[in-house]
Every structure is written in structure tokens, then in C-alpha cells.
Amino acid sequence: MMEKSLREDRLALWDRLIRGEAVERAEVERVVATLIPDASHEERVSCILLLAAARIACEGSRAMRRKLTAALRYWFSHTGSKNRPSDLDICKARERSKWRNAGLLDFMGLYISWPEAMCSVGGNPKYYTALTELKNNLKRKYIEEWERVFGSQAPSNFTHGR
Amino acid sequence: MLRDEDFEAFVSDVVAYETASIPHNQHPSLEVFFAQLAGEIAPDIQSRFVGHLATCPECRARLQSLKEALHEEERGLNEQKRVAGFGDFIHAHQEPASLGARLRKGLRDLFVRREFRPALALALSSVVAVALTLAVAVPLLRGPVIATSARISSVRDQVRALQGQVSNLTQWQSGVLNNSTIIGVSPEELTLLSKDAEKVTDPWLRGLLIAVFLNEHKIRVPEGFDWQHPKKYSVRSGETWKGLSFAYFGNEELWVLIWLLNAVKLSPNEPLAPGQEILLPTPLE
């Protein structure tokens, strides 16, 4: 029950990151602070990844923040039942503005490509290395945050013991 | 150690975990959905709403269907606005003044507000939805249908979906639609409505016309009946529109609704004859 509620709290924060809004580090820290001592491995990993993403949103350059927003849109769009309109064209110039502030619910189930994710944030759709740059940055912050919060080496698997 | 090449799969696992479905006992009210669609949702409610919907496929589907219905409504209305035929139509049919003026006023409110206030538009559409059932049924019964069957089918689906959605709105609507305060409808008014409705070929606009009429008379379409698949009924000796309405709905003033289902063949001024076949809404199981 507790985990369910925490997950919904985190999703609200993910939503704001997907919208390209800044999330104060303190807000995520509050979520981390609610982790009970015997919280599951998945809960811990999810919290710390959110913390890492929030750090980029707060401290990253404008370009890196945009990459973060695009990456989150890309990843979260690949969740839920596929529900992609046949005429969806995010990269069409006229359509771009309406995606600027789109949130989690707008993207779930759309299964967008990386170029589409970049278009949605007004970026260059051919900038493929942006995803790699973002991943490297996010991974680095994830490892740092894990070590800071738990004082141990960051796990390499999401599911404990897999 | 987390390898670079594994990190994307790692993030995907986290994202899948975060958005995995949760069985919910409670769901957001329809008003919250409207507020979300209108972009007028309070930040704290928005957070809870997103958290809930991201983990509730049922509510996501509901939001999607409302979005599509709203989009379709707005598109239809915008198209009609460009044509401007309906405004002219109402303007040209001001006689008798009372009915024409009321319709004009009601429709002006609907049109102006709908364009700028999606939530209100959708809420209003819930009032309209019940009338749309009749409006769709009537042209189907009339034989030649000017609007395309696809359009009608689309409207019917919306009506069906919206009827389910709006059942929660009964309380919200009660001030508007309360069958205890029905303003009686005269056969003359119905004849006029029928003539006016015949001239409106678009089922949606016909729905608006009938909705405004019913709304003005504070007539609420009773729940528990399938209006789109009416059944045939053979009139027995001594039965009247009002008598049937009382027997069927417990309120004789709702005879208007039964008559609307039969508006093709019968005049509201004519008494029912024994053996005559009419249509009645089918009670839902």
C-alpha cells in the first residue's frame, strides 16, 4: 500500500520532468526520505533514478535539460498499451508547439521514436548522440546519488539478484 | 558495475515498474477529468490525477475517449460555424417568438462558451448527450439520411460512451434537469420543434436543437432505457401518450420523449388508436 502511494508521488514528479519543468531537489529528497528501511530494491532504484533525473533538471545546462525531457518522453512513451494515432506527426512544424508542455499522460502508449522525442522538445531530430550523452550523465548521477544515500555501490540490475 | 550498454534496459525496467498497473478502489470523478481536459486542474489535484492515471489503464482509456469525443464535437461545431447555416436558420425561424428566442439564446450560449471552455463544453455535451440519442434515432427512422452513416455511427458511439460517463453527473445536472419541475409541452410546440428539426440535417445540430428544447422544459431523459433500439408496441384501447408515459416512466409529462421517438409518422395532436404500432424505448436489463 505504502509503495503504491510512493509510486504515485514519484509519477507526479516524473510528469513534471517530462513537461520540462524544474523539480526541486528537496521535493525528490522528501520522496526518498519516505523510503522505509525495508523498502524493496525496485523502490530504492526507482527513487534514486528519479533523484538523478531531478538533479539534471536542476543543475544541468539548458541543452542537457532538453535532452533529459526528450529521453523521458521517449522512455515513458514506450509504456502502457500502444495507442498511437495513425496520423500522429510530432515533427510537423505546425504540431511542434502543442507538444512543448505535454506530460506523462500525453506520451504513454505513443511509442515515439528518438527523433520524435527530440522534435517534441523543439530539438534537432537527427541529434542521435544526444540520447547517449544524456544516458551517460544520468548514469553518473544515479551512481553518485546511490552511494550518497545508501553508502554502497550502485546495483547494476533493476531486479535484485537477477 | 552498471555497464553503459545495459543502462538503457535498466532505465526501461524502472519506467515499466513505475507505470505498472495498480488495482484501484477509487477513481477520479468526472469533474476532475473535465478540469484536466480544460487545463483548469489545480496543481495538487493534477499530481494525484497523473499518479492515478499512469497506473490505471481504465482511467487512461476513459480520458482518451473523452478527449476524442471532445475533439470530434469541437471539429463538428467549428465546421458548422464556418457554414453559419444554423445561426441563420434559427434567425429565420423566430416565430413564434418564445420558442425561437429561447433556442437562439440557448444555442448562442452553447456556441460561444464551447469554443473557449472545453470543460464546460463537455459538461454541456452531457446535457446534450441524452437528446442526441433521440436526435440520432429520429433521422435513422426517417429513412433517407443526409448525413453520412459514418458520421452517425461516430455520434452514436460518442453518445453511448458519454451516457456512461455522464451518469455520474446526475447531481450536477439536477438543477438543470429535474423531472419534478417539468414545464409542460404543448402539441403545438412539439409540432414546431419537429418541423424545425426536419430542416437540420446534421445529427449533432439536431441533437442540440432537441437538447435545448428539453432543457428549457426541464425534461430529463430517464435512465434505464435504450433509446437507440426502441421496441414496437401495439396501442391498446384507451391508451394515450400521457398515459403510456405515466405507465412507463411514472411521469406523464415525459410523453414528449415517447412522441419524439415516433415523430416520423404521428402528429402530437392526434390521439392514439387501438392497434396502432408505436415505438417505445427498450428497458435495460
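I am working with a predicted model, where local features need pLDDT of at least 70, side-chain atom pairs count only at pLDDT 80 or more, and totals for chains, interfaces and linings use all residues. Residues are numbered from 1 along each chain as its sequence is written, with chains lettered from A and ligands numbered from 1 in the order in which they are written.

**Cores.** I looked up the nonpolar cores (buried Ala, Val, Leu, Ile, Met, Phe, Trp, Tyr and Cys joined through C-beta atoms within 7 Å; buried means 20 or more other C-beta atoms within 10 Å of a residue's own, with C-beta atoms placed from the backbone). The largest has 52 residues, and A:Leu17, A:Ala53 and A:Leu104 have the most contacts inside it. H3(A) gives the most to this core, eleven residues (helices are DSSP runs of H or I, at least four residues, numbered from the N terminus). A second, separate core of 17 residues includes B:Trp241 and B:Trp259.

**A:Leu104.** I then checked its neighbours (contact: C-beta atoms, placed from the backbone, within 7 Å). Leaving out residues up to four places away in sequence, A:Leu104 touches residues including A:Trp14, A:Phe76, B:Val50 and B:Ala54.

**H3(A) and H4(A).** These helices pack at about 145°, with axes 8 Å apart (axes are lines fitted to C-alpha atoms over the stretch in contact; angles run from 0 to 180 degrees between N-to-C directions). A:Ala53, A:Ile56 and A:Ala57 of H3(A) meet A:Met64, A:Arg65, A:Leu68 and A:Leu72 of H4(A).

**Chain contact.** I found 27 residues from chain B and 29 residues from chain A in it. On the chain B side, H1(B) gives the most, with twelve residues.

How values were computed
Buried ≥ 20, exposed ≤ 12 C-beta atoms within 10 Å, placed from the backbone. Helix = DSSP H or I, 4+ residues; strand = E, 2+ residues; numbered from the N terminus. Contact = placed C-beta atoms within 7 Å.
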